[in-house]
Amino acid sequence: MLLDVENVSLSFGGIQALKDVSFSVKEAELFSIIGPNGAGKTSMLNCISGRYMPDSGDIRFKGRSLKGLKANHRPDIGIGRTFQNLALFDHMTVLENILVGRHHLMKNNFLTGMLYWIGGAQREELEHRRAVEDIIDFLEIQHIRNAVAGTLSYGLRKRVELARAVALRPHLVLLDEPMAGMNMEEKEDMARYIVDLNEEWGMTVVMIEHDMGVVMDISHRVMVLDFGAKVVDGLPEEVMENEHVKQAYLGADLGEAA
Ligand SMILES: Nc1ncnc2c1ncn2[C@@H]1O[C@H](COP(=O)(O)OP(=O)(O)OP(=O)(O)O)[C@@H](O)[C@H]1O
């Protein structure tokens, strides 16, 4: 298994956001986490990305415990992520935003990394440029490479955010509602890019998404959380057939997706 989450619990004051949650994600799997608002989905992603430290339990990535590994070091071992709310630098161009995603690979810290990049045509910079060009091609954003991020449509900004998250070629990318707020066409595009990243680049994906149609369509496996606890995980069709899932809170959405 690439990712093993073992008995993770997390609370904020009196609120138990995660209760003894365990699941595993295989290499090259497209794994979705669903559940109603407040179920603990983002908390789970935040535990994997290191933003939150679980109160108990363990998370292992490639067999290694992530205990004590801070969020800013997790990209170094192959974990990338996007956020529920857009987190681009609006005043920077698309290219600059993606280069920021690769600063971890640069020799020094962020600031010197940027200065290094601005400063000259070093070989390291050329390698970064090539990797960034691959991503730009892959996600078909050549035409907006020099556009200022803040001027782009919401759908395109979400795509640039995905480009930045995968700029380091993570083995595992965590996507927090990549299609939220998108229209149908934008959703279809985004779903296709996620599937392509998974199939063509072999990237393992853990995704939170509310659109049941998309989730059931593209996921290899799905986990359902409710009130911080795991209800079920399995193949999309197994999850759809789960009585608790049907009755408790997915009825309307599943109806729409059918
Ligand atoms: N930083 C925090 N401080 C206090 N409470 C928090 C914090 N983050 C999450 N919670 C609480 O933990 C619970 C789980 O929240 P979480 O955001 O993980 O749910 P979610 O399933 O992602 O919901 P949504 O679909 O609305 O994004 C909620 O009751 C939430 O209010």
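Two strands are taken to pair if DSSP finds at least two bridges between them. The model discussed here is a predicted one. With that criterion in mind, strand β6 and strand β7 (residues 172–176) are joined by three bridges and run parallel, and within this pair Gly 80 stands opposite Val 173 in β7.

**The open sheet**

Strands β6 and β7 belong to an open sheet of six strands, whose order is β6-β7-β8-β3-β9-β10 and whose pairing is mixed. Because β6 (79–81) and β10 (229–234) stand at the edges and each has a single partner strand, one side of each is left without a neighbour in the sheet. From one strand to the next, the twist averages 15°. Helix α1 (residues 41–49) packs on this sheet, where it touches β3 (30–34), β6, β7, β8 (204–208) and β9 (221–226), and the direction of α1 makes about 150° with that of β7.

**The hairpin**

Strand β1 (residues 3–12) pairs with strand β2 (residues 15–25) in the antiparallel sense, over seven bridges. In this pairing Asp 4 stands opposite Ser 24 in β2. Two residues lie between the strands of the hairpin, and Gly 13 takes a positive phi near 55° there.

**Helix packing**

Two packed helices are described by the angle between their axes and the distance between the axes.

| Helix pair | Angle between axes | Distance between axes |
|---|---|---|
| α5 (residues 154–165) and α6 (residues 184–200) | about 10° | 10 Å |
| α2 (residues 94–101) and α5 | about 35° | 7 Å |

The angle of about 10° between α5 and α6 makes α5 roughly parallel to α6, and the crossing of these helices is right-handed. In their contact, Gly 155, Lys 158, Arg 159 and Leu 162 of α5 meet Glu 186, Met 190 and Tyr 193 of α6. Sorted by class, this contact of α5 with α6 holds three nonpolar, one polar and three charged residues.

The crossing of α2 and α5 is right-handed as well. Here Val 94, Asn 97, Ile 98, Val 100 and Gly 101 from α2 meet Val 160, Ala 163, Arg 164 and Ala 165 from α5. By class, the contact of α2 with α5 comprises six nonpolar, two polar and one charged residues.

Conventions
Residues are numbered from 1 along each chain as its sequence is written. This is a predicted model: local features need pLDDT of at least 70, side-chain atom pairs count only at pLDDT 80 or more; totals for chains, interfaces and linings use all residues. Axes are lines fitted to C-alpha atoms, for helices over the stretch in contact, and angles run from 0 to 180 degrees between N-to-C directions. Helices (H or I, at least four residues) and strands (E, at least two) are DSSP runs, numbered from the N terminus. Angles under 35 degrees count as roughly parallel, over 145 as roughly antiparallel, 65 to 115 as roughly perpendicular and the rest as oblique. A crossing is left-handed if the near helix is turned anticlockwise from the far one by less than a right angle, and right-handed if clockwise. Two residues are in contact if their C-beta atoms, placed from the backbone, lie within 7 Å. Ala, Val, Leu, Ile, Met, Phe, Trp, Tyr, Cys and Pro count as nonpolar, Asp, Glu, Lys and Arg as charged, and the others, Gly among them, as polar.
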